[in-house]
Amino acid sequence: MPTVAPLDLEGHCVAAVFLGDVPHFALADGAIHRLDNGHKTMQANDGLLAAFHDAANDRLITGGEDGKVFAVKAGGDVQDVASTGKKWITSVAAGPQGAIAYATGKTAFVRFADGKTREFAHPRSVEGLAFSPKGMRFGVARYNGATLHFPAAEGKPMELEWAGAHTGITFSPDGAFLVTTMQENALHGWKLADGKHMRMTGYPGKVKSLSWSVKGKWLASSGAPAAIVWPFSGKDGPMGKAPLELGTRGNTMVTCVACHPSQDVVAIGYEDGMVIAARFADAKEVLLRRQGKGAITSMMWDREERRIAFGSAAGDCGVIDITA
């Protein structure tokens, strides 16, 4: 049976991540707690709204109500990387070559590693940001679709239209597909080579969490009483194919998913705080954590694939060791 090292904090956990091999928990008040030979705390934003794990640079990018963007590294290093005055930063992302994107209102910004910043205005508010894993381009989720920008080059952005409010955005690991979460209970996708649409519907709730499997063959999602896992191995993604439904629990909703770094396995967090792992091949399940306080809001595997950091909406955080 896996063991759980609990960390009981006050408030909503926005991000639970490993920086180096140290678990970090970023809360909505801007405090970042870490378990590094004891429990230590540092302060980033005054009111944290968005966080993104920049795996390539082993850092956590945060943005918040104070209009600031911070880069947090292991060992307690908090660097102030951008400021928008007093405008709330509602979304952040990190991309290739050390670039960071952040958004406030209808404007998205890209700050390059050399400190230069470019601004991208939109007709409606920017709801989500993501960089493509291939080349320097980034996507913006917005009302009625998504916009793809090429920040290092001049020229017009690429507009991808689909009616409705798009709230979050992700590229597939090979850069071939773009998927958005929507205000309605659905995902929408585009095949970037030809703009073909992919509709992923049938969710009873809003999809708040997405995670690509290793090599991007599957996309796991929350928003149902099971993890809904769409197949992306074919050239047209999930079109005409049924998703896997893993970890079904009747009337308890899945609120967070985190795919394993090297195997076709997903960690699934629920609204009652339970965490299980499920295998894609045969849907076999292992209980990782019993019910707790608050819905699971964030999870991440460590590099050694042994531990999972998790956080909840009630500050009920901790680390699961699956090898114990």
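This is a predicted model: local features need pLDDT of at least 70, side-chain atom pairs count only at pLDDT 80 or more; totals for chains, interfaces and linings use all residues.
Strand β3 is paired with two strands. With strand β2 (residues 13-19) the arrangement is antiparallel and comprises six bridges; within this pairing, Ala 15 has Ala 26 of β3 as its bridge partner. The hairpin formed by β2 and β3 has two residues between the strands, and Gly 20 adopts a positive phi near 65° there. Strand β4 (residues 31-35) also runs antiparallel to β3, to which it is joined by three bridges. In this pairing, Phe 25 lies opposite His 33 of β4. The hairpin of β3 and β4 has three residues between the strands, and Gly 30 takes a positive phi near 95°.

The cysteines were also examined. Zero disulfides are found in a search of the whole structure. For Cys 256, the closest cysteine sulfur is that of Cys 13, at 9.5 Å, which is too far for a bond. Cys 317 likewise takes part in no disulfide, and its nearest cysteine sulfur, belonging to Cys 13, is 4.1 Å away; a disulfide would require the sulfur atoms to be within 2.5 Å. Cys 256 has a relative accessible area of 3% and is therefore buried. Cys 317 is buried as well, with a relative accessibility of 1%.

Key. Residues are numbered from 1 along each chain as its sequence is written. Side-chain values use heavy atoms; hydrogens and water are left out. Buried means under 20% relative accessible area, exposed over 50%, partly exposed in between (1.4 Å probe, protein chains only). Two strands pair if DSSP finds at least two bridges between them. Helices (H or I, at least four residues) and strands (E, at least two) are DSSP runs, numbered from the N terminus.
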